[in-house]
Amino acid sequence: MKGLQKFVYSILSSKFKKTLVIILTAVAFFASLLMFPSKLVLAKMLPGKSDNTFSVYIDTPTGSSVEQTNTVSQCVIDILKEEKEVMNLELFLGQGIPLDYAGLVKGASMKRTENVAEISVNLTDKHTRTEPSFLMTQRLRPIVKKKCLPLVKGTNIKFIEQPAGPPTLASIVLEVHGENLDKVREISTQVANIFEKTDGLVDVDVMADDIFDKYELVPDKEKVARSGLSVKQVNNILYLAFEGMVIAHKNSKNSPDQIPMFLVLEKASKSLSSSSEDALRSKISSLNLMNQRGMMVPLSEVVTIRKVKSNPMIMHKDLSRMVNVIAETDMVSQVYPLLDARDVMIEKFSKEYEIEKAGFTTYMFDLYLTDKKTKEKFLLRWDGEMKVTLDTFRDLGAAFIAALVLIFLLLVVYYKSFAISGIILLGSFLSLIGVIVGHWAANLFTSETFFLTATSLIGFIALMGISSRNSLLLIDFAKSLMECHGMEKKEAIATAVATRAKPIALTAVAIILGSALLASDPVFGGLGVALISGTVAAVFVSLIFVPVLMHNAKAMNFDIADHCETDNISITK
């Protein structure tokens, strides 16, 4: 330790060296912060989680038949079956899979239409696989979309992974609010087009039903009565011709309930030659009903064909009509694609709308649009995992500030000096250098992006107490040497550093070894890396930077005390 004592003493003896230490520390601090805008370190709520299952959501255009949906689904299944790590697959056609963690907020339980399907994919155990599930979905996504999307034009295929944290509708969600539904749908389509062209965003979808033409078959009650038929007869044959219906029941000793017998026409008989009104009219003209007098009446004589627009689902949030535009991130942070897409939106929408940006809140990315001609107002509100990220970082930031304030107040009460308390806090805060640089270094040794996550911030907050302890050891020991031994300030600080370096280093080694197991975890890896790299930085800051601040602080000028216990103080000369 004599070498360390001489090294610190030489720094404290030279004004140039002390200034150099302060400058180098400041440069290291600001250089580490610049790793965020330069994208050397990326921030995200939670990284990808390797699981034993994932899902594939298939949405064919609104109004598509179940046969079309099944065609796309079988295409996806054929590709997935070729994967060695896929154990089994289960297709849920026309409905969502049984509710899972991801489906809690994605509306899986509400899917009951012919144009949707979900595939549950079960993989081999994640501990025996070399490829994590989130990397597998990243690899398979372009392959599946290239082959299966062209089968039915307008189809959307989304790969859904089990979230590592709180489930959200998607990584990036943009809510388009407004009373004019036509305008809202138009803005939503433009937003989706911008998302499609933004690097890093995949699985873009507008959560709104397409408006399409459809034909209603309306029984003419007056003609039905004159023809000697009943409305029930007409309805029954229409259901039988296009959907099928229960016509009887049978009993079975193996079933406690009656088993319905379902009658439906074969596919060739109930299918139309085209989607035109003439094809539909030809179909119902071939259907006849027997009236009460035993005469056959063509169905086309008592049924009116009416062409109408479909009724899309209307979504509300906080009593405001809206349409969601969603997108997933392709192993990148949500922040950078969001900012890129937002800049394009501001440029594009400024031609037709007056744009007002939100203030400094967790809704800071929101945009308020006012139509320049009609003065109609619309709101573009960002939600999803991005909103959860902002809320989490805000809450953790508040916890961090509260920890700083409490530590500072306790130190002021103990030392009765704002300067000494500030030195301890500043030394603790600089462990952030190690946290950021540690994530950059970890990213170099991993196959996927290593994000600075919410767990990383938890590790940094935990480091505040550890780093503060290091500075406390130095200050208290230097104070004892100056008060009890009358040692000169510079020598006392150098001696304190040399003497307390060993317990500081042993504490750091214990933290590093204890955190090593966390570093490889996909969710808590950020916590482990933050504790390891932050502890290393805290040691260097405590042994080099803090002594310089102590020597420059007038509050560290202690006089010899009248009563001082020196029995347990060991001094290295």
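**Around Lys106**

Analyst: Leaving out residues up to four places away in sequence, Lys106 touches Tyr57, Ile160, Thr168, Leu169, Ala170 and Glu328. A contact here means heavy atoms within 4.5 Å. Before we go on, this is a predicted model, where local features need pLDDT of at least 70, side-chain atom pairs count only at pLDDT 80 or more, and totals for chains, interfaces and linings use all residues. Residues are numbered from 1 along each chain as its sequence is written, and side-chain values use heavy atoms, with hydrogens and water left out.

User: Is Lys106 buried or exposed?

Analyst: Lys106 is buried, at 14% relative accessible area. Buried means under 20%, exposed means over 50%, and partly exposed is in between, using a 1.4 Å probe and protein chains only.

User: And where does Lys106 sit?

Analyst: In helix H4, residues 103–106. Helices (H or I, at least four residues) and strands (E, at least two) are DSSP runs, numbered from the N terminus. The C-alpha atoms of Lys106 and Thr168 are separated by 7.4 Å, with the two residues 62 apart along the chain.

User: Ok, new topic. How many salt bridges are there?

Analyst: The count comes to 23 salt bridges. The rule is a side-chain nitrogen of Lys or Arg within 4 Å of a carboxyl oxygen of Asp or Glu. The general idea is that side chains of opposite charge can pair when their charged atoms come close.

User: What about Glu222, which residue does it bridge to?

Analyst: Glu222 bridges to Arg226, and the closest N and O atoms are 2.8 Å apart. Both are in helix H7 (residues 221–226), four residues apart, so about one helical turn separates them. Glu222 is exposed at 56%, and Arg226 counts as exposed too, at 54%.

User: How far apart are the closest N and O atoms of Arg394 and Asp391?

Analyst: They're 3.7 Å apart in that salt bridge. Arg394 and Asp391 are three residues apart in helix H12, which puts about one helical turn between them. Arg394 is partly exposed at 45%, but Asp391 counts as buried at 19%.

User: You mentioned H12. At what angle does H12 cross H13?

Analyst: Roughly 145°, and the axes of H12 (residues 385–415) and H13 (residues 418–429) come within 8 Å. Axes are lines fitted to C-alpha atoms, for helices over the stretch in contact, and angles run from 0 to 180 degrees between N-to-C directions. On the H12 side the contact includes Phe400, Leu404 and Ile407, and on the H13 side it includes Phe418, Ile420 and Phe429.

User: Last one: which residues make the nonpolar surface patch?

Analyst: Leu40, Val437, Trp440, Leu444 and Phe445 make it, and it covers about 510 Å². Patches are made of residues with over 30% relative accessible area and no salt bridge, joining like charges within 9 Å and nonpolar side chains (Val, Leu, Ile, Met, Phe, Trp, Tyr) within 5 Å. Accessible areas come from the Shrake-Rupley method with a 1.4 Å probe, and for residues, only the protein chains shown count as cover. Val437 lies in helix H14 (residues 432–444) and is partly exposed at 31%.
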